[in-house]
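Please look through the model shown below. The text after it goes from overall make-up to single residues.

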Amino acid sequence: MAKMTIQEKLAILSDAAKYDASCASSGGSKRDSRKGDGLGSTTGSGICHAYAPDGRCISLLKILMTNFCEFDCAYCINRRSSNVRRARFTVDEVIWLTEEFYRRNYIEGLFLSSGIIRSPDYTMEEMVRIVEGLRARGFRGYVHLKTIPDASPDLIERAGLCADRLSINIELPRDASIKALAPEKDAGEIRKAMGRVRLQKEDFDEPSHTGRRRGKFAPAGQSTQMIVGADDATDADVLGSANRMYGAYGLKRVYYSAFSPIPDASEVLPLKDPPLLREHRLYQADWLLRYYDFGLDEIVNRDGKGMLDLDIDPKLSWALQNRGTFPVDVNRAPRETLLRVPGFGTKIVDRILKARRAGALGLEDIRRMGGRVKAARPFVTTKDHHPAGLLDEAALRARFVKPEQMELF
Amino acid sequence: MHAPRLPRIGTLAAWRDTARRLAAAHADPANVDWGLETDGAPALFDEDLPAPSRSLRVPKAFAELVRTLVPERTGEGMALAYALLVRLQETPGLLGNRADPQVARAEAIAKEIRRDLHKMHAFVRFREVPAPEGAAEGARRRFAAWFEPDHRIEEECAPFFAARFGDMDWRIATPEVLTIFEGGELRLVPHVGLRPDAEDPLEQLWTTYYGSIFNPARLKPDAMRAEMPRKYWRNLPEARAIPDLIAGARARVAAMKDAAPTPARPRPRPAKEAPPMPDPHDDLFAAAGGAPGGSRSLAELAEAAHDCTRCPLHADATQVVFGEGPAEARVMFVGEQPGDREDIAGRPFVGPAGKLFTEQAEAAGLDRSDYYVTNAVKHFKFVQRGKRRIHQKPAASEVSACNWWLRQELAQVDPQLCVAMGATALHALTGSGAGILKRRGAVEQTKDGRPVLVTVHPSYLLRLPDADLREAETAKFRADLARVRELLEERAA
């Protein structure tokens with residue numbers, strides 16, 4: 001077989017990486033190359049350099065080091081039994097691609113993942129060599145490394161000292177599904193690996209006895225991904241798993257990835273359109289858990305089946321079932337109550353709290369400061385508005401449901 | 001009427017100076033017509049401006065807001081900024097009131113400018129320019145870009161690129177301004193630019209990446225256009241691939257669905273490495289970086305405990321936290337259950353309470369290599385509040401379910417003395433945990449007749465709010481631990 005060109009490898013190894021939902025480049029420690037001694041900067045907030053026709057942003061060069069893999073995870077295009085074409089980048093090729101793309105301002109940095117070859121330690125060490133190589137050449141862009149759960153702690157330590165973010169994908173919300181669909185993976189080991197990353201980060205964040213920092217370990221923290229729709233887990237299972245991981249391992253983000261058809265599917269998994277709307281609702285629910293002080297039970301107990309309402313967003317769904325807590329007086333209610341009003345995000349609530357010091361607010365004021373008045377109307381009173389019977393209307397839910405299923409294609 | 005005309009480069013500084021003078025002269029915002037020199041001749045009724053005399057006070061947030069208002073294309077931003085400057089002298093808290101129409105409008109413009117800045121950071125595409133003839137080896141590489149921002153944001157944007165592309169020379173041309181970064185020096189010059197006709201060999205590679213990272217099963221072109229409007233496409237090399245990617249998406253998905261699923265390939269799975277045989281000199285302690293010596297049966301027990309499902313606690317915990325220490329230890333310390341840090345680390349007594357215990361044991365003259373530490377319950381029990389895991393006292397059923405493991409440990413280690421730290425441990429060892437503070441300091445017996453010294457759990461000390469009380473209680477705890485040595489010596493005698 002003729003030697004593959006870098007273009008052919010890039011096509012294969014970025015195609016293989018497109019199922020990873022994360023492309024974020026935020027949260028890294030601030031640095032720049034203004035003095036001319038290196039390349040790149042990270043500002044702390046991410047930059048999306050392009051958007052693909054699937055609506056997702058492209059911030060990083062997201063590639064696999066190789067798509068050869070010894071594992072046989074049913075949901076994965078790179079599984080051992082797949083007929084997909086295989087390729088492998090050399091260390092220098094990845095460094096070259098990252099730098100050259102970066103110099104042209106195509107990307108914020110590198111998101112490197114890999115199939116597992118030879119052994120977890122071998123694979124991890126190759127990945128670490130790439131990142132260490134980049135840093136040794138003065139590269140200051142963002143790096144996200146997908147770590148191999150079974151790799152030795154000192155390799156993870158080297159990875160964390162070069163990378164802005166580390167991640168380990170749990171992929172499935174229930175241990176039983178992992179056992180069934182990813183026979184070589186062990187949910188317990190994955191959790192332990194996330195735990196070790198948390199402890200390593202805490203150890204590095206603590207100044208030593210001389211008061212000096214030993215280095216910055218994964219300043220943007222760690223994240224994980226869960227595939228939605230590959231097994232029969234409910235939204236309660238998915239969010240419950242996410243919630244536990246946020247609590248135990250201090251994850252910065254959990255990404256939900258609708259299981260989408262792959263070109264060479266396994267017999268075990270059906271080929272269906274990806275449940276994009278479900279994925280969207282999970283992100284909304286995740287947000288409510290993290291920033292709006294909602295409890296898991298409040299979000300997913302709607303019909304006892306543990307599923308989110310696909311027709312309306314989870315906050316609206318909660319509000320409709322808890323009409324007794326409304327209407328909320330925009331001019332008096334405390335922050336935590338305002339945060340529960342559909343159509344009000346955290347920013348709007350902060351603006352309301354500031355603005356109402358200057359005088360009583362009306363609906364038009366709220367619209368002007370960016371609130372979604374249409375959603376909030378039935379749930380609030382203002383100086384010029386009272387929902388009266390609106391809140392008790394049996395058909396209130398129907399006002400918010402779009403007549404047709406959202407067009408996804 | 002005032003009609004200040006500001007320069008195209010250095011606009012912000014010029015606006016600041018002019019606004020200061022105008023405000024000092026109490027110029028009515030309605031009578032100021034803001035514009036640029038490049039807009040044409042100044043208006044007829046311009047008057048000389050006084051030197052700034054009145055001192056003006058503005059909040060910090062205003063300075064930030066001005067940076068994003070002045071670059072606004074039509075001049076409305078500069079006018080609004082001046083109107084707000086004047087009003088701020090009377091109403092210092094004005095900017096916090098987003099219900100105010102002028103503040104709301106200013107924030108709306110600022111948001112648009114920030115978006116324009118962000119898109120310029122994102123969508124500038126550099127192309128490499130060949131080195132000039134006779135350039136030195138290792139000279140800085142040269143790049144050029146063309147961009148068409150909606151607003152006059154070149155100056156605000158330049159430092160971002162200078163901080164990012166510090167080791168190369170580059171130029172960014174817009175229709176009105178040329179930003180030049182050469183040898184580390186940044187300068188901007190006004191010019192009239194036209195879109196150059198240029199390519200870079202890397203553009204093909206980049207377009208390959210762009211097409212491959214796109215998932216056709218998730219086609220959502222509207223979402224793409226919302227973030228990357230068409231007006232930017234003509235300057236983005238990868239955008240040329242968009243029509244074909246969209247057109248081909250449905251067919252690609254259909255082909256995936258029509259293709260028969262692949263059965264597992266008859267390729268032998270690489271043999272998993274056999275787990276290494278345990279070294280007879282290895283034990284829990286050695287594995288955990290502690291002292292050598294011990295028995296393998298404890299290691300086997302620990303291994304077996306990993307799959308324990310005797311009570312529901314295993315479901316939410318990360319892992320079982322088994323006891324550790326030498327198999328021939330003369331003392332066994334029993335605590336309550338692992339906490340947050342123990343659950344993550346997989347080792348007992350490594351959290352705050354564990355650290356306090358180790359310190360106090362050392363102070364009481366106990367050598368870590370002489371004792372075995374474990375917990376009455378081996379899984380972490382907690383409730384989650386937001387992102388925090390709050391420790392929960394184990395239920396009697398959980399203590400009795402886990403007692404099976406504790407009895408195994410007692411049998412293997414066969415200690416001369418047990419130390420029950422806290423009510424749960426006391427309950428697990430003696431069958432009753434009631435009245436711990438009264439029983440503290442006493443030597444009782446386990447159900448199988450071993451002596452048990454009763455003391456408190458170190459986390460009790462950490463929870464005491466009063467510093468003096470905490471100190472006194474800690475001293476008592478240390479005294480309890482010191483008794484361990486006496487008791488051992490008595491037994492030896």
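How many helices and strands does chain B have? Chain B has 17 helices and 14 strands, where helices (H or I, at least four residues) and strands (E, at least two) are DSSP runs numbered from the N terminus. The radius of gyration of chain B, taken over C-alpha atoms, is 37 Å, well over the 23 Å that the globule rule gives for 493 residues, so chain B is more spread out than a compact globule. That rule is 2.2 Å times the number of residues to the power 0.38. Along the principal axes, the C-alpha atoms of chain B fill a box of roughly 110 × 75 × 50 Å.

This is a predicted model, in which local features need pLDDT of at least 70 and side-chain atom pairs count only at pLDDT 80 or more, while totals for chains, interfaces and linings use all residues. Residues are numbered from 1 along each chain as its sequence is written, chains are lettered from A and ligands numbered from 1 in the order in which they are written, and side-chain values use heavy atoms, with hydrogens and water left out.

Of the 493 residues in chain B, 48% are buried, meaning under 20% relative accessible area with a 1.4 Å probe, protein chains only.

The cysteines come next. Over all chains, the whole structure has zero disulfides, a disulfide being a pair of cysteine sulfur atoms within 2.5 Å. For B:Cys157, the closest cysteine sulfur is in A:Cys48, 16 Å away and too far for a bond. B:Cys418 is in no disulfide either, and the nearest cysteine sulfur, that of B:Cys402, is 15 Å away. B:Cys157 counts as buried at 1% relative accessibility, and B:Cys418 is buried at 0%.

Note on methods. Buried < 20%, exposed > 50% of the residue type's maximum accessible area, 1.4 Å probe, protein only.
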